[in-house]
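Here is a short briefing to read alongside your model. Have a look at the structure first, and then we can walk through a few of its features together.

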Amino acid sequence: MDKAQEITAIEQACFNDPWSVGVVQSCLEQPHYVWETFTREGQLVAYACASVSLDEGELLRIAVMPAYRRQGIGEQLLMSVLAHLHDRGVEKVFLEVRASNVAAQALYGKMGFQVIGKRKGYYTGNEDAVIMEKM
Ligand SMILES: CC(C)(COP(=O)(O)OP(=O)(O)OC[C@H]1O[C@@H](n2cnc3c(N)ncnc32)[C@H](O)[C@@H]1OP(=O)(O)O)[C@@H](O)C(=O)NCCC(=O)NCCS
């Protein structure tokens, strides 16, 4: 499996609306996307992806295979992405997260993200998006 296929396998295990291998491949090729991956015993088990637009960044995805959760991998990945974004001149990072996604919101809160708003019915299933920001 190449990198795009490995990431797509994680997408399929972690999301109801997984990115296709084509989307992953094209995001991997674009210079304004920042990727961090985490490998355990030769297998890609987690990744995070953010986009850069001048001095703003947006965290687009972070996912850890279910068997590897609650071991600090998500936190480590997010820290690496934030450091990478900082190196690229980013001063402010945004993200959107499903209102029901307690685990992700706890991770983002722990990493210093603050809730700045909500998008009503943003996701399929009419679920709200919580918007968070970190300076
Ligand atoms: C969100 C996710 C990336 C967290 O990854 P993880 O490796 O399990 O997280 P960590 O072990 O680094 O946890 C760091 C902190 O996040 C919080 N956290 C993580 N999972 C949690 C859970 N299930 N419930 C409550 N808090 C949680 C805690 O504050 C934790 O710190 P602690 O261990 O000191 O309590 C993982 O649950 C995941 O892949 N979920 C599915 C994909 C997803 O929803 N991605 C986010 C939207 S793009």
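This is a predicted model: local features need pLDDT of at least 70, side-chain atom pairs count only at pLDDT 80 or more; totals for chains, interfaces and linings use all residues.

Residues are numbered from 1 along each chain as its sequence is written.

- Ser80 sits in helix H3 (helices are DSSP runs of H or I with at least four residues, strands are runs of E with at least two, and both are numbered from the N terminus).
- Between Ser80 and Trp35 there are 9.3 Å in space, C-alpha to C-alpha, although they are 45 residues apart in sequence.

**Around the ligand**

- The shell around the ligand has 20 residues, of which Arg69, Gly74, Glu75, Ala106 and Leu107 come nearest (a residue is near a molecule if its C-beta atom, placed from the backbone, lies within 6 Å of it).
- Strand S3 (56-64), helix H3 (73-87) and helix H4 (102-110) each supply at least two residues of this shell, and H4 gives the most, with six.

**Helices H1 and H2**

- Helix H1 (residues 3-14) packs against helix H2 (residues 21-29) at an angle of about 125°, with the axes 9 Å apart (axes are lines fitted to C-alpha atoms over the stretch in contact, and angles run from 0 to 180 degrees between N-to-C directions).
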